[in-house]
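Open the model in your viewer and keep the selection panel at hand.

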Amino acid sequence: MAAIPLLTLFVLLGALKVKAWLAGLISLAVALVLAILAFRMPVGQAVLSATEGAAFGFFPILWIVINAIWVYNLTVATGHFDVLRRSFEKVSPDQRIQAIIVAFCFGALLEALAGFGTPVAISVVMLMTLGFQPMKAAAVALIANTAPVAFGALATPIVTLATVTSGVSDDARLTVDTLGAMAGRQTPILAAFVPLVLVLVVDGRRGLKDTWLEALVAGVAFGVAQFVAANYISVPLTDIIAALVSAAAVVAVVRMRKATYEPVTAATLAGGTGAGGGARDAGGTVAAGGRGRDRGGVGATAGEELGDAPGRQAARDPHAPSAGTGGAPSVPDTPAEVAKAYAPYGIIIVIFALANLAPVKAALAQAPWTTTFPWPGLNVFAAGSSEELASTTFTFNWLPAAGTLMIIAGLLTMLVLRVSPGRALKAYVDTYRELKWAIVTVMAVLALAYVLNQSGMTSHLGRLLAETGGFFAFLSPILGWIGVAVTGSDTSANALFGALQVQAATNAGLDPVLLAAANSSGGVMGKMVSPQNLAIAAAAVGMAGREGELFRKVFGWSMLLLLLMCLIVVLQASPVLDWMVPGS
């Protein structure tokens, strides 16, 4: 009975291909019926549980995503996003290096700010304008969107994980900081390998032989920065810091290293239909990019229908490059324009860094900036205890919330980019309009998670999985992978399985912090095979309907990296690496 709501969601999304928002609502309805009939939860309590979950889905989760995408939309509206793209283009004409900088480094920055499909859609369009073959651009963007996912949208998955797990265990370590630190001791290992995979996908063994140093530097720099940021600086800022450090490291190596190999450009790269593979001349390159942008509307529709609407805004950059090799601009951008293009990201970093200073953070955690209150009318107690579940208390941190800080960053961005209030307001309204189905999806999934947790369904499933004993350490990342592969979101997977991981870990004698983080870290590999991301990537390059072909290109890499994460978690659950678990 406890498994039926989750099975309903999986079947609707995976087998019947029902729209994500509709699948979420149907699964929620099933969960409510079972909570009332099978688990004897009073009708009023079940409904209130769902309303609290939906509210949490909007604030703080969607509050972050909406405002982050709004800031991005401001850069698109003013043309500065295209300036940013051209600045990447100038670093190196080599497509293997461009794959690292655009898909891995800049994609990670986009994941840090928005997540929910945005990085894939934007990276695909940028790679197309740089002359990448469509299918290869899509595969590269999907594979790159792995290492940063656990800390995406200003660590929204970790925030969600901390919220849904704190109510099922008395372990005081189940907080954003500790869970973020644990994930920051898992995904950095993965990050070291991802750029190597990218250059292998772009140019095979030759790519690996020629550019292994740049790829390794990018991965190691990202991993080290991710570890340091997650453990010692700020969990929400983790991917922003890692992306910028990695990009700086790659640029430094490219400029210092005297390459002994010939750069691989759109005109020389072998593959597809032959040398150049459809990008044989400058005009063909620009046309390919243009087709990718023109068909962004198709990608938008697919993403929107699947509850991943950021694909629409991401895929419709209106500032097309002029004709030239690789889409190079005919008029160089001035240093001032380039500085403005980077300014929004610098502003975000400064604001979040200030908000996370210990004295400021402590002050903002107090009233009136932050208030906590029991959800009205909801009274759910832990089994055999007189204490209410921690999840029945709602935290409304209206000022220090990451989404509010993003609004402040957006207002400052308006000043720097000289965006009028009317234009900014229109962009804000458009952002809500484009995200309407994503909003419904996330709120439905979080409502479902709260009903599962507070009705006792999660604890029942946890006891079942605990029967696997120590082997559950190996299964834990796989459970997260399944959640993301089906829902397309690490946040949703954490909401669905976070409490289950903790319950199973407690019953099996494993560390709950380790397995809760493993759910998020294992889930990142499911991102590249989720139907939502596949649909957005395929449609953005004008290949809607060929998602199956794209799936086959990335599935093997998803399995290989997932196996690596499973081995990491098993070792961290054993005396070999158990010293890596915070407070163990």
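**Stop one: the pocket**

Start with α3, which gives the most to the lining of the largest pocket: 5 residues. Keep in mind that this model is predicted.

Now show the whole lining, 33 residues. To find the centre, select Pro60, Val159, Val176, Thr395 and Asn397, which lie nearest to it. Colour by element next: α3 (43-78), α8 (152-165), α9 (176-183), α16 (335-355), α17 (358-364), β2 (393-396) and α18 (402-417) each give two or more residues to this lining. The pocket's volume is about 970 Å³. Colour by class, and the lining splits into 21 nonpolar, 9 polar and 3 charged residues.

**Stop two: the rings**

The whole structure holds 15 aromatic pairs. Select Phe104 and Phe222, a tilted pair at 5.0 Å centre to centre, with 55 degrees between the planes. Phe104 sits in helix α5 (residues 95-113) and Phe222 in helix α11 (residues 194-233), so the pair ties together parts 118 residues apart in sequence. Phe104 is buried at 1% relative accessible area, and Phe222 is buried at 0%.

Move to Trp375 and Phe394, also a tilted pair: 5.4 Å between centres, 50 degrees between planes. Trp375 is in the loop between β1 (371-374) and β2, while Phe394 is in strand β2, so this pair ties together parts 19 residues apart in sequence. Trp375 is buried at 15%; Phe394 is buried at 6%.

Then select Phe58, Phe59, Trp63 and Phe396, which ring pairs link into a cluster.

**Last stop: Thr238**

Thr238 lies in helix α12 (residues 238-256). Is Thr238 buried or exposed? Its relative accessibility is 0%, so Thr238 counts as buried. Beyond residues up to four places away in sequence, Thr238 touches Phe151, Gln226, Ala229 and Ala230.

Terms used. Residues are numbered from 1 along each chain as its sequence is written. This is a predicted model: local features need pLDDT of at least 70, side-chain atom pairs count only at pLDDT 80 or more; totals for chains, interfaces and linings use all residues. Side-chain values use heavy atoms; hydrogens and water are left out. Helices (H or I, at least four residues) and strands (E, at least two) are DSSP runs, numbered from the N terminus. Buried means under 20% relative accessible area, exposed over 50%, partly exposed in between (1.4 Å probe, protein chains only). Contact means heavy atoms within 4.5 Å. On a 1 Å grid over the protein atoms alone, a cavity is a set of points where a 1.4 Å probe fits but cannot get out, and a pocket is an open set with protein on both sides within 12 Å along at least five of seven lines; lining residues have an atom within 4 Å of a point. Grid points are joined across faces, edges and corners, and a volume is the space filled by probe spheres set on the points. Ala, Val, Leu, Ile, Met, Phe, Trp, Tyr, Cys and Pro count as nonpolar, Asp, Glu, Lys and Arg as charged, and the others, Gly among them, as polar. Rings of Phe, Tyr and Trp (its six-membered ring) pair if their centres lie within 6.5 Å; planes under 30 degrees apart count as stacked, over 60 as edge-to-face and the rest as tilted.
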